[in-house]
Amino acid sequence: MATEAAENYLQDTSVIAADWMGFVALFGSAVVLTWKLMSFRGPEHDDVYFMGYREEKMLSVFVNLFAAIAYWARLCSHANGDVGPAAQIVTYKYIDYLLTCPILTVDLMWSLNLPYKFTYGASVGVCIVCAFACSTLDGMARYMWFAMGISLFGATWVSIVKVVRMRLDQFTSKAAKKVRTSLKIACMTYFAIWGGYPTLWVLNEAGIVDPISSHVLHCFLDVLAKSVYGFALLSFVLHGEKQEFIFLPLKPACEPKPSARDDEDEEDSEDEDSRKPGKQAVMIGSKINSRPTHSNEKPHQPVFLGGSIPMQQPRPDLELSMGGMTNQHPDVTDTRQQILDLNSQIASLMAQQQQGTQPGN
């Protein structure tokens with residue numbers, strides 16, 4: 001009787017109600033996220049397709065949409081009596097995880113411009129494959145796959161926490177602190193909730209949690225990990241775009257390994273460094289304002305493709321006036337002076353020649 005009850009738990013009212021609530025929450029989140037993102041007009045409120053050219057920020061929409069489709073497949077299975085080919089609840093669940101969990105990871109890493117975006121996303125996908133094998137196999141293979149999956153999951157989880165923590169520590173400016181709360185909520189949801197899935201598997205395997213409770217708790221975790229995370233990250237992304245945040249690549253301090261070539265070129269490099277202009281530190285994770293450069297190189301001018309071309313700013317190194325060229329580049333000034341000296345010498349030689357050819361000389 002216990003085995004039969006365990007096999008028929010999918011027809012329990014609590015299970016069906018939890019799947020309906022999961023579908024409504026996830027599909028509704030996908031709709032709202034789509035509307036919020038596509039209606040965003042940029043920091044100046046003048047760009048209708050602002051997110052259309054930044055589609056990586058739309059990943060949270062597909063996370064919720066894919067999860068909602070998986071829950072819809074579960075509901076179709078319940079309507080069919082959970083019998084026949086449609087009764088693949090476990091398969092639907094892990095197809096959902098195999099799509100959404102890597103995308104969630106890439107979304108977080110991309111929003112913060114962190115390294116190894118797709119590497120960490122692929123690692124999470126491998127963990128999901130191990131979890132699927134663990135849930136479908138029996139005997140010793142079941143626990144072998146769990147050991148493999150939890151090992152990969154732990155290593156990936158720690159690595160992602162490390163780089164995200166480094167980025168959060170860089171939110172020190174006043175403008176950055178205003179949006180740090182929503183980012184922390186998204187990160188806490190991402191890291192804390194994901195640990196609940198293997199914990200539920202262990203509790204269910206040990207008989208502490210029955211299959212019905214495990215199914216309901218999985219639905220609750222899905223909504224938290226996808227919908228709540230999606231809205232928290234949405235708040236951070238929109239505020240970051242309004243403040244025009246620029247996330248530079250992470251560059252933690254490290255000691256470069258010396259080489260023989262470095263020893264040979266040490267003296268030359270010191271001479272070159274003495275001629276280079278001083279560099280100014282840039283706060284990573286805060287709003288970056290353009291500052292005038294003190295270098296002799298000409299500033300890079302962007303190329304605008306389509307739309308109206310903005311008014312060009314005056315170039316101090318190429319400023320023209322009616323009296324000639326002023327505020328010139330040092331090289332141009334030197335060349336112009338050399339030309340003037342040569343013209344003076346030529347004029348002097350021509351005057352001497354003319355005096356020598358006059359009658360009576």
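Mentor: Start with contact: it means heavy atoms within 4.5 Å. Leaving aside neighbours within four places in sequence, Tyr9 is in contact with Val15, Pro211, Ile212 and His215. This is a predicted model, where local features need pLDDT of at least 70, side-chain atom pairs count only at pLDDT 80 or more, and totals for chains, interfaces and linings use all residues. Residues are numbered from 1 along each chain as its sequence is written, and side-chain values use heavy atoms, with hydrogens and water left out.

Trainee: How far apart are Tyr9 and Pro211 in sequence and in space?

Mentor: They are 202 residues apart in sequence, and their C-alpha atoms are 7.1 Å apart. Tyr9 sits in the loop between helix 1 (2-7) and helix 2. Helices (H or I, at least four residues) and strands (E, at least two) are DSSP runs, numbered from the N terminus. The protein has 12 helices and 2 strands.

Trainee: Why is His215 called buried?

Mentor: Buried means under 20% relative accessible area, exposed over 50%, partly exposed in between (1.4 Å probe, protein chains only). His215 has 8%, so it is buried. His215 belongs to helix 9 (residues 211-242). Beyond four places in sequence, His215 touches Tyr9, Leu10, Val15, Asp19, Arg74 and Ile89. Of the 361 residues of the protein, 32% count as buried.

Trainee: What makes Asn113 partly exposed, and what is Tyr116 by the rule for accessibility?

Mentor: Asn113 has a relative accessible area of 26%, so it is partly exposed. Tyr116 has 54%, so it counts as exposed. Asn113 is in the loop between helix 4 and helix 5, and Tyr116 is in the loop between helix 4 and helix 5 too.

Trainee: How do you know that the span of helix 6 agrees with its residue count?

Mentor: The expected span is 1.5 Å times one less than the number of residues. Helix 6 (residues 140-168) has 29 residues, so it should span 42 Å; its end C-alpha atoms are 42 Å apart, which agrees. Its buried residues include Arg142, Gly149 and Leu168. The buried residues of helix 6 pack against helix 4 (89-111), helix 5 (117-136), helix 7 (174-194) and helix 8 (196-205).

Trainee: Which residues of helix 4 and helix 7 meet?

Mentor: Cys101, Leu104, Thr105 and Leu108 of helix 4 meet Cys187, Tyr190, Phe191 and Trp194 of helix 7. The residues of this contact are 7 nonpolar, 1 polar and no charged. Ala, Val, Leu, Ile, Met, Phe, Trp, Tyr, Cys and Pro count as nonpolar, Asp, Glu, Lys and Arg as charged, and the others, Gly among them, as polar.
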